Amino acid sequence: LGRAFTLLLDTATILLTFLLTRQIAGSVAALIAAACYALAPIAIQLAHFFTSESWITFFVTLSLLGAVRGARLGYLRSFVLAGSAAGLALASKSSVAGVVVPIAVAVMWDYGRRLAREDETVAATNAMLARATIACTAFLVCFALGEPFALLDAETYLDSLRLQVQIQSGAFDVPFTRQYVGTIRGWYQFDQMLRWGLGPVMGLLAFGGMLALIVAFVKNRQQRAGLVVILSWLAVYGLALLTADSKFLRYMLPVVPVLSLGAGLLAHSCIRWALNHMNRRLALITLSTTAAIAIGWTVAFASIYARPHPRLAASAWLFEHAAPGSSTSSEVWDDRLPISAMPGLDGLTRRFDAVDINLYQDFPTLADARHLTTAFAASDVSAPLVSLLAREDYASAAQLLEGSLTQQLLNMGSDDRLKLS
């Protein structure tokens, strides 16, 4: 049931991408943008599974649509839509808390528009307060309906949020984020999106479209209301992506509709330029070839779903070829093979022995301890530490010890440092 709803919401996001782009760039660019989202491998992959990203992308895009309409037209119902969808997005996953920023931008832009057309200051202020209030109310109501446990057990909810923030910032070490150590912020996400998330054609169009959105904001005064909302979302969520230590590709999905919008805008401009400045036949061949490469890339990616899942195929092979009592190994953070297929066709019944491999546990060596002993013996931390412990001032003692330990580690050679997890 969850996968079915995910599929429906992701399909609906294609329509929302069209409607959002049409608000800013017209119907032709909107059709191209919708096609870009529909062909995005990252969207196709996540739509196959019951993950939160497809859900939050739908709600974020719906909220952006309401915010854009609110900034352009000032309708109360647009702010109700924006606030409601934002509340449901945050209820689905806390990482999109920045979705409230485009709504705030829309409220202030509408306020500035009313003042610019010489509305009375009091009337414009009242309109601004009414729109802010109704958006906040809709946001809180929908958030409470979508995530009631945030109110029923606020302490546990906030503790969970703090833990996730620590994981995302790298303060809390977990095995599944170590793969990103040493990767370059920004470039890593760009490279992954270009390789796997969007493909080369749509990837270049999408990231080039970000520049096209900025240029359009500067040059096109009529569309600035919608563009400022879109750019505010790109800025706030992009900052969250760049500052996080976790760089899972699926985290990029909530910006894919906006990247598709930029791709549609840029592609439409390129098509018009090619038809007006190139030989018409050459232009059509170039455009057709580009479209064929983009579609072919997506078809090639989607073809993996025409075959059994690799873990299921591996499990079937083990059931067929591995003798009862065989040993299988797996990492402690991975799912063990074989996967149970049915009663009687599982690892327990076949008496497979499981061997766990822990690649992530870091233990200090005796050499590390000797280095630290020598370092502390040569430092002046011992006497103050003993004095603090005698006064039972454990907090200050811990701070002193931590600071000294850090300094001693920095003074060691890179090969001798104690690696802590």
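Colleague: How much space lies in the largest cavity?

Modeller: About 40 Å³. A cavity here is a set of points on a 1 Å grid over the protein atoms alone where a 1.4 Å probe fits but cannot get out, and its volume is the space filled by probe spheres set on the points. This is a predicted model, where local features need pLDDT of at least 70, side-chain atom pairs count only at pLDDT 80 or more, and totals for chains, interfaces and linings use all residues. Residues are numbered from 1 along each chain as its sequence is written, and side-chain values use heavy atoms, with hydrogens and water left out.

Colleague: Which residues line the largest cavity?

Modeller: Cys36, Leu198, Met202, Ala206, Val256, Leu259, Ser260 and Ala263, where lining means having an atom within 4 Å of a point. H13 gives the most, with 4 residues.

Colleague: OK, salt bridges. How many does the search find?

Modeller: It finds 8 in the whole structure, taking a side-chain nitrogen of Lys or Arg within 4 Å of a carboxyl oxygen of Asp or Glu. One of them joins aspartate 110 and arginine 114 at 2.9 Å, N to O.

Colleague: Are aspartate 110 and arginine 114 buried or exposed?

Modeller: Both are buried, meaning under 20% relative accessible area with a 1.4 Å probe, protein chains only. Asp110 and Arg114 also belong to a salt-bridge network with Arg113 and Arg131.

Methods
On a 1 Å grid over the protein atoms alone, a cavity is a set of points where a 1.4 Å probe fits but cannot get out, and a pocket is an open set with protein on both sides within 12 Å along at least five of seven lines; lining residues have an atom within 4 Å of a point. Helices (H or I, at least four residues) and strands (E, at least two) are DSSP runs, numbered from the N terminus. Buried means under 20% relative accessible area, exposed over 50%, partly exposed in between (1.4 Å probe, protein chains only).
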